[in-house]
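Me: I am new to this structure. Please show me how to read its features.

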Amino acid sequence: MYIVTGGAGMIGSAMIWKLNEMGITDIIVVDNLACTEKWKNLVNRTYEEYIHRDTFLEMVMHDQLPWEVDAVIHMGACSSTTEKDADFLMENNLQYTKAMCELALMNDARFINASSASTYGDGQFGFEDSLETMKKLKPLNMYGYSKQLFDLWAARTGRLDKIASLKFFNVYGPNEYHKGNMKSVVCKAFYEIGETKEMKLFKSYHPDYPHGGQKRDFVYVKDCVEAMWWLLENPQANGIFNFGTGTARTWNELANSVFAAMDIESNISYIEMPEILRGKYQYFTEAPMKRLQDAGCPVKFRSLEEGAKDYVQNYLAQEDPYL
């Protein structure tokens, strides 16, 4: 049985899509659907059972799982970078992840965990996915700190050389529609451009970056799950791995990619950034990908233009935009 926590979320449901593509349906989906629209991410998928995250944790704590566990793909977390409840994040993101890691290792099962590029903070220590860099990092928000604490715990206790913890950069693609304000700018741009024929981007408050010239590493979710499948099949590849394209691109280039995919002439304007974000804003992120490549992963992460075109034309513009 494959356990996918956060299985109704964007990356989790995309991973279930990949597992289904490989003929795997022995899947337990663990999530917290509540009153969200996440359930729509599961409609096209085939799996054994859905279990609420709290119920599943109780089952784990009382050794009540009725299946043999082959892998735990732990994508479940509160991913809001503006979440203020630090105690909630400590329990939901840190302690829950420790429990899932222990579950996998005790069952000699593969454990793949969602860390985050937000652990890199403002980038002052670079973006290398090495132990040396990891120990120096100072995340800018509590979400990033909760992810950093698990990676530190795994390294300190000797577990990191038995698991794969993935630092996702700016992931975009199908099945993110439930995320509200946390949706990717590619997704937001499609609807904004469709309505107004214009795209608004935040102004820059950094002298080294013009408006719209702030840079991020934008990575397509379908490429992420291809690489995750490779990690499932290659349990000797362990430790921290960046998940990005390896090339930083500007917000202007992102907007232009969406305009091109929609066959609409580019029209970009710039607006003030909310005060709450200004002191915590990352002006540059780029994922060095050498470590994953050196491990032997053959997946080629597509360019922003290629990913945006596939996402816009084959999903966002379709009646059923889900994987």
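Reply: Start with a definition. Two strands count as paired if DSSP finds at least two bridges between them. Keep in mind that this model is predicted.

Me: Which residue in β4 is the bridge partner of T5?

Reply: First the general idea. Strands of a sheet pair through backbone hydrogen bonds, either parallel or antiparallel. Here, T5 has H74 as its bridge partner in β4. Strand β1 covers residues 2-5, and β4 covers residues 71-74. The two run parallel, joined by 4 bridges.

Me: In what order do the strands of the sheet lie?

Reply: Read across the open sheet: β3-β2-β1-β4-β5-β6-β11. That makes 7 strands, with parallel pairing.

Me: Why is one side of β3 and of β11 left without a neighbour in the sheet?

Reply: β3 (49-52) and β11 (239-243) stand at the edges; each has a single partner strand, so one side of each has no neighbour in the sheet. From one strand to the next, the twist averages 20°.

Me: Which strands does helix α2 touch?

Reply: Helix α2, residues 53-61, packs on the sheet and touches β1, β2 (27-31) and β3. The direction of α2 makes about 90° with that of β3.

Me: What does UniProt place at residues 3-244?

Reply: An unreviewed UniProt entry gives "domain: NAD-dependent epimerase/dehydratase" for that span. Residues 3-244 are 36% helix and 18% strand. Their end C-alpha atoms lie 24 Å apart.

Me: Which residues line the largest cavity?

Reply: Its lining is Y120, G121, D122, Q124, F125, L137 and K138. By type, the lining of the largest cavity has 3 nonpolar, 2 polar and 2 charged residues.

Technical notes:
Residues numbered from 1 in each chain as written. Predicted model: local features only at pLDDT ≥ 70, side-chain atom pairs only at ≥ 80, totals over all residues. Heavy atoms only, no water. 1 Å grid on protein atoms, 1.4 Å probe; cavity = no way out; pocket = protein on both sides within 12 Å on 5 of 7 lines; lining within 4 Å. Nonpolar A, V, L, I, M, F, W, Y, C, P; charged D, E, K, R; others polar. UniProt positions renumbered as here; feature names shortened; annotations may be inferred. Axes fitted to C-alpha atoms, helices over the stretch in contact; angles between N-to-C directions. Contact = heavy atoms within 4.5 Å.
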